[in-house]
Amino acid sequence: RSWAGFFAVFLFLHPILTSCFSPAASIYPSVRPDSTRVAISSTKSPLWAPRLALGSGAAGSPRTAFASTLRMSGAGDAGEGRYNEGVDGWIDDSAAKADSLEKAFNLQADCFSVDNTKLVNKAGEAVDPETLRGKSVALLFYAEWCPACREFLPLLKKFYEEQNKQKHNQIELVFVSSDFSKGDAIETFQKQHGDWLMVDYDCPMREEYKIRFGVWSGKEAAKFGTSIAALKGRKSGVPAIMVLTLDGLVARYLPAEQQGVECLLMWDVDNVLWPK
């Protein structure tokens, strides 16, 4: 009896075990024969371990290419066709959601617009922050009375000019003044600085950026170093450069006060461009 019972259980479980542990080629849907970008490796792959070998080179965005190259054909029996239709729908939905998120990020307001920061050029004209898209953008904390700043500025100007000779990977600097008066700041900006921008001296964000990013000179300690938290949060004095993301986060901190021009080696421009 025991042998008869064992044999009955074996007959019952055999189809289930066979479907679970059979080679994936017998259950995975086929791929178009002309597809060179997708290969489903199934010769020795069990059901729980499919392997997708993805190639590159498709028109459109990466997500569109992903969807188009992974789309499986409807060949085969009716059951397989329904399976393929479900996979196609999932891929299309995922690609559409990814594209929507990417577009939403690209369309979000830049940090200067959100903060109502007034940017001006050397002529004193207001500049729309939207013109900075496609560039790598950084705040330059600087004061003309600072010897280290005066030594650093000519080298920074040269770096700025050389970098912006390129068609791509251009940069933009926004001067945040630590000069003692508006007149000193404007005179310094117009006569000494490169052809970049400045946070208007009367704009509240000029001082807010110093607090937010922890960069202010020792001569400004009476104004900004008024608590233990402020002193602990201070990164450096001037000069210093903060490379920003579109939403105003710090992408790179360049400690020019400590490292001088060598800090510019840390500015990997191509990795911190604002989206257009």
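Mentor: Helix α5 bends by about 30° at L153, and a proline, P154, follows within four residues. The bend at a residue is the angle between axes fitted to the seven residues ending there and the seven starting there. Two remarks on the basis of this. This is a predicted model, in which local features need pLDDT of at least 70 and side-chain atom pairs count only at pLDDT 80 or more, while totals for chains, interfaces and linings use all residues. Residues are numbered from 1 along each chain as its sequence is written, and side-chain values use heavy atoms, with hydrogens and water left out.

With its 17 residues, α5 reaches 25 Å from its first C-alpha to its last, close to the 24 Å expected at 1.5 Å a residue; the expected span is 1.5 Å times one less than the number of residues. The protein has 10 helices and eight strands, taken as DSSP runs numbered from the N terminus (helices: H or I, at least four residues; strands: E, at least two).

Next, the sheet. Six strands form an open sheet with mixed pairing, in the order β3-β6-β5-β4-β7-β8; two strands pair if DSSP finds at least two bridges between them. The edges are held by β3 (119-120) and β8 (250-254), each with a single partner strand, so one side of each is left without a neighbour in the sheet. Strands β4 (residues 136-142) and β7 (residues 240-244) run antiparallel and are joined by five bridges. F141 has A240 in β7 as its bridge partner. Helix α5 (residues 147-163) packs on this sheet and touches β4, β5 (171-177) and β7, where contact means heavy atoms within 4.5 Å. The direction of α5 makes about 155° with that of β5; such angles run from 0 to 180 degrees between N-to-C directions, with axes fitted to C-alpha atoms, for helices over the stretch in contact.

The buried residues of α5 are C149, F152, L153, L156, F159, Y160 and Q163. Buried means under 20% relative accessible area, exposed over 50%, and partly exposed in between (1.4 Å probe, protein chains only). An α-helix has 3.6 residues a turn, so residues three or four places apart point the same way. The cover over the buried residues of α5 includes β4, β5, α6 (182-192), β7 and α10 (256-259). For the protein as a whole, 38% of the 276 residues count as buried.

A salt bridge is a side-chain nitrogen of Lys or Arg within 4 Å of a carboxyl oxygen of Asp or Glu. E162 counts as partly exposed at 36% relative accessibility, whereas K165 is exposed at 62%.

The structure holds 12 salt bridges. In another of them, D115 pairs with R212, the closest N and O atoms being 3.0 Å apart. D115 lies in the loop between α4 (111-114) and β3 and R212 in helix α7 (residues 205-213), so the pair ties together parts that are 97 residues apart in sequence. D115 is buried, with a relative accessible area of 19%, and R212 is partly exposed at 39%. D115, E208 and R212 are linked in a network of salt bridges.
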